[in-house]
Amino acid sequence: MDIRQAKELLQRYQSGNCTDSEIELVENWYKQLNDTGEFHWNKREKDTMQKMIETRLMNQVDETPGKKVFYLKPRFIWWAAASVFFLLAGFSYFMSFQKAVPPTQVVKVLPPDVEAPQSHKAMITLANGQKIFLDSAANGALAIQGNVKLVKLANGKIVYQHDSGEESPTSAYNTLSNPRGSKVINMALADGSIVWLNAGSSLTYPVSFMGDERKVSVIGEAYFEIAQNLSKGGGKKPFIVEHNNVQVRVIGTHFNVNAFEDDGDDIKITLLEGSVKISNGSATGLLKPGQQALVNKALRIKNDVDLDFVMAWKNGYFHFDNASLQSVLKEVSRWYDVDIIFEGYNQPRQFVGEIQRDLSISEVLKILEKNKVHFKIEGKMIRVMPE
């Protein structure tokens, strides 16, 4: 029903030509508005309404001989109020019985924000220079190199699969790169070993592992679950992870390598399961589960390491244990792909606890601000200021 139809209905109501259902409809309109307080009038408006009611009363005079009795039928009481309401409100409130008009949306302007990574931005650079972007690649074979296929499975997993036949006499090297602002990516290598790469990290590896050892190199942070592999002579083929002059030599084990080049000079190798041998030139060490090697010019071994802290990045958390603001923000910078600018902030602060990595950056910074520091988000730049 539109405004024109509403007016016609009100006119029929006034003249007493409505059906019972129309009378009920009009009176329900008014009653609903009156009960919910959706219209109000001041004293002048009340006086106006009183005069209109009196006029309606005069129009309903009983002309019985010898006396004049004023009466008003119930529906006219409702109509009097409703008609005043229409005069005052210009029929606007009665739009409710039309098809509902969507309310005007009030847009709240929010401060700029950066969401947590929503997808993988990882890519594989093949030996011939071709780049394969894993997030947008279709399921199925992505590349064939010799007798090895690079495949994206239906569940999104990336694996190398050997075809039947003799192995190629030489092996090409590919590089898996997971940039800043990308979700953690994992991949199964040709020997069945699985590697997880943190944001801002890369792994260079052979398509097929030849000879008596398996060797890869890493920049950034990676977690490995190494499959045992036998050489042609029947011996165990060691798996070697390199970063610059540091080597991690394993047979079958689970370990984490943190070799971010902006984290200082120490490379951290943490053992979760099995055993690994660490070497840095002439310095060597053997790790047991729960130990961590800190490798720089020297090699130090740390006992009773908090493995939850070490593996938080893989399990979807930031985990801080008396961490400086600078080291905290390095992790934030890599995960959200933002640049950090310090403006007059040089207070020593230590941060302890866990924060989910699926929060927006504003939510993360709000938590950090409880430690007397203030942040300002400007696009992909975070300014750090004293509180």
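Tutor: Let us begin with β19 and β20, which form a hairpin with three residues between them; strands here are DSSP runs of E of at least two residues, numbered from the N terminus. The model is a predicted one, in which local features need pLDDT of at least 70, side-chain atom pairs count only at pLDDT 80 or more, and totals for chains, interfaces and linings use all residues. Residues are numbered from 1 along each chain as its sequence is written, and side-chain values use heavy atoms, with hydrogens and water left out.

Student: How many bridges join strand β19 to strand β20?

Tutor: Two strands pair if DSSP finds at least two bridges between them. Here four bridges join β19 (residues 292-295) to β20 (residues 299-302), the two running antiparallel, and Val-295 stands opposite Leu-299 in β20.

Student: Which residues touch the most other members of the largest nonpolar core?

Tutor: In soluble globular proteins, nonpolar side chains tend to be buried together. A nonpolar core is a set of buried Ala, Val, Leu, Ile, Met, Phe, Trp, Tyr and Cys residues joined through side-chain atoms within 4.5 Å, where buried means under 20% relative accessible area (1.4 Å probe, protein chains only). The largest core has 45 residues, of which Ile-124, Phe-224, Phe-255, Ile-269 and Ile-278 touch the most other members. Strand β12 (residues 214-225) gives the most to this core, with four residues.

Student: What is the mean pLDDT of the protein?

Tutor: pLDDT is the predictor's confidence in each residue, from 0 to 100. The mean is 79, and 70% of the residues reach 70 or more, whereas over residues 52-80 the pLDDT is below 50. Where pLDDT is low, the predicted coordinates should not be read in detail.

Technical notes: Buried < 20%, exposed > 50% of the residue type's maximum accessible area, 1.4 Å probe, protein only. Contact = heavy atoms within 4.5 Å.
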